[in-house]
Amino acid sequence: MSITDKAADERLLFAGSDWDFWTIRRIHDAVAEIADKDLKLSTFPNQIEIITAEQMLDAYASTGMPLFYKHWSFGKHFAQHEMVYRKGLMGLAYEIVINSNPCISYIMEENSATMQTLVIAHAAFGHNHFFKNNHLFRQWTDPDGILDYLSFAKTYIANCEERHGHQAVERVLDAAHALMDQGVHRSPRKKTLNLQDEERRERDRQAHQERIYDDIWRTLPRKGGPKKAGLGERRQALLGLPEENVLYFLEKTAPRLKPWQREILRIVRHIAQYFYPQRQTKVMNEGCACWVHYEIMTRLHDRGRISDGSFLEFLTSHTNVVRQPMYTDPGYNGINPYALGFDMMRDIARIATEPTAEDRAFFPDIAGRGDAGELLKDVWANYRDESFIAQFLSPALIRKWRLFHVADDPDEPMMKVASIHDDRGYRKLRRMLARQYDIGRLMPDIQVVEVDLEDSRRMTLQHNALDGVPLEAEDAVRVLQHLADLWGYEVVMKEVDAMSGAPLKEHRAKARPGIVF
């Protein structure tokens, strides 16, 4: 071996696929140097945890959280994932990353040294930077307090199981999980999820509940007695109707829930709110992480820190992750968020550094700006999927992806290609694709609109159906039954057309004795 070859080998972070904890340390430090000095990323401190494939399956099953309460559905998901994994029908994710401070990244011990490098670049720096800087995560999540809160929630539910029995707790969790999508506040507000605040808020909530109970329920008029004018409106106002967060409404005002049952609803509601930003930024979050890991791995190779063989192994894995099958491919499952996100990040960098005349016409504010890294960091911080696609999907990428707008009108016998690749078509295509990522269209608009405080205590909800499309009837009835069980009385949901207000359907459910109470 020549002196030059020996010097090159000494620069390599690892040789072959084997690794140990010192190798992981060297890899982390080399990746961190590029992330900090070259890309100038702003991240939380990192904590790398090495887990087995079985532990990864377990984390899959419990929504990726390291500390989570027990529920039968997690065991069902574990068995399902394990079966398809053992049969070779499904691969495991190489990593799971937790939005916390420090940021926790789980990597599998079965990974090769190259894959560990890729995962650390992707998760510990790509996702980490996105979590710390995107405005939705900054607004809705508390990385400093989430681990304490999860520990509190796990302990609280375990204590409830000991005191009230597993079956009683699972029934409440079943109902709460069914209503998770209707358990988030969509309007911005600051939430702090640390244990100290939760304990203080629990005391405040008890006091508030007692005031509400006295004012609303205890003063019900006797049957046949005179009704005071305006009393019903005042009570409706006290209930804060209309209310879009159904779990929040139940937690605060359901007349028959016990304090421990309200607290479980509160825990499930907080978890749902914690994941709310992730549902709005899937394309951006994965696109950011893929762009970061690609830049870091390429620079490691250019500087001789990983070998040619290692770089080829990385490219194989990277290509599999960002592959977009055609709609005729048996593996087609819609748009791959990794592929769309990564392509859009690279396209934005191209527009910033090598714009065409078309780019200058469509993106006058960013074309030729020069500093692609700073531009991308600004995008990652200030957009979500819907606004990101509406703002930055370029005509060049629309052509590359061969996107067309197909209008499918149920009143017409045939589908129609409504937009093609021309100036107007590009803008309409971009707008229509962005609508598919609009959280307001993905989640049904259901609100509690009325509660009969005078007599039956019936709760009425209204679903404002977009484009006149009602909910799937069987699912609606099942979820409404869980809602009625928690409320304790009859529940009615009226579906109306969001534009005209015309009635479409009506569903009813009554509380089943012995299910929750």
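Modeller: With a relative accessible area of 22%, E386 is partly exposed, a class that lies between buried (under 20% relative accessible area) and exposed (over 50%), judged with a 1.4 Å probe and protein chains only. Please bear in mind that this is a predicted model, in which local features need pLDDT of at least 70 and side-chain atom pairs count only at pLDDT 80 or more, while totals for chains, interfaces and linings use all residues. Residues are numbered from 1 along each chain as its sequence is written, and side-chain values use heavy atoms, with hydrogens and water left out.

The partner of E386 is R384: their side chains meet in a salt bridge, with 3.4 Å from N to O. The term requires a side-chain nitrogen of Lys or Arg within 4 Å of a carboxyl oxygen of Asp or Glu. R384 has 28% relative accessibility, so it too is classed as partly exposed.

A further salt bridge joins the side chains of R458 and E490, at 3.8 Å from N to O. This pair connects distant parts of the chain, 32 residues apart: R458 lies in the loop between β6 and β7 (459-465), and E490 in the loop between α22 (473-487) and β8 (491-497). Helices (H or I, at least four residues) and strands (E, at least two) are DSSP runs, numbered from the N terminus. R458 is partly exposed, with a relative accessible area of 29%.

Through shared partners, salt bridges join D38, E295, R299 and R303 into one network. Within it, the side chains of R303 and D38 meet at 2.3 Å, N to O. Again distant parts of the chain are linked, 265 residues apart: R303 is in the loop between α13 (282-302) and α14 (308-321), and D38 is in helix α2 (residues 21-38). R303 is partly exposed at 40% relative accessibility, and D38 is partly exposed at 28%. How many salt bridges does a search of the whole structure find? The search finds 24.

Now to the rings, where the structure holds 16 aromatic pairs. Rings of Phe, Tyr and Trp (its six-membered ring) pair if their centres lie within 6.5 Å; planes under 30 degrees apart count as stacked, over 60 as edge-to-face and the rest as tilted. Among them is the edge-to-face pair of F130 and F137, with 5.9 Å from centre to centre and 80° between the planes. Both of these Phe residues, F130 and F137, are buried. The pair of W140 and Y276 is edge-to-face because the ring centres are 6.1 Å apart and the planes stand at 90°. It connects distant parts of the chain, 136 residues apart, with W140 in helix α6 (residues 135-140) and Y276 in helix α12 (residues 259-280). W140 and Y276 are both buried. Elsewhere, Y294, F311, F314 and F342 make up one aromatic cluster.

Strand β6 (residues 445-451) holds V448, which counts as buried because its relative accessibility is 0%. The C-alpha atoms of V448 and E244 are separated by 6.4 Å, although the two residues are 204 apart along the chain.
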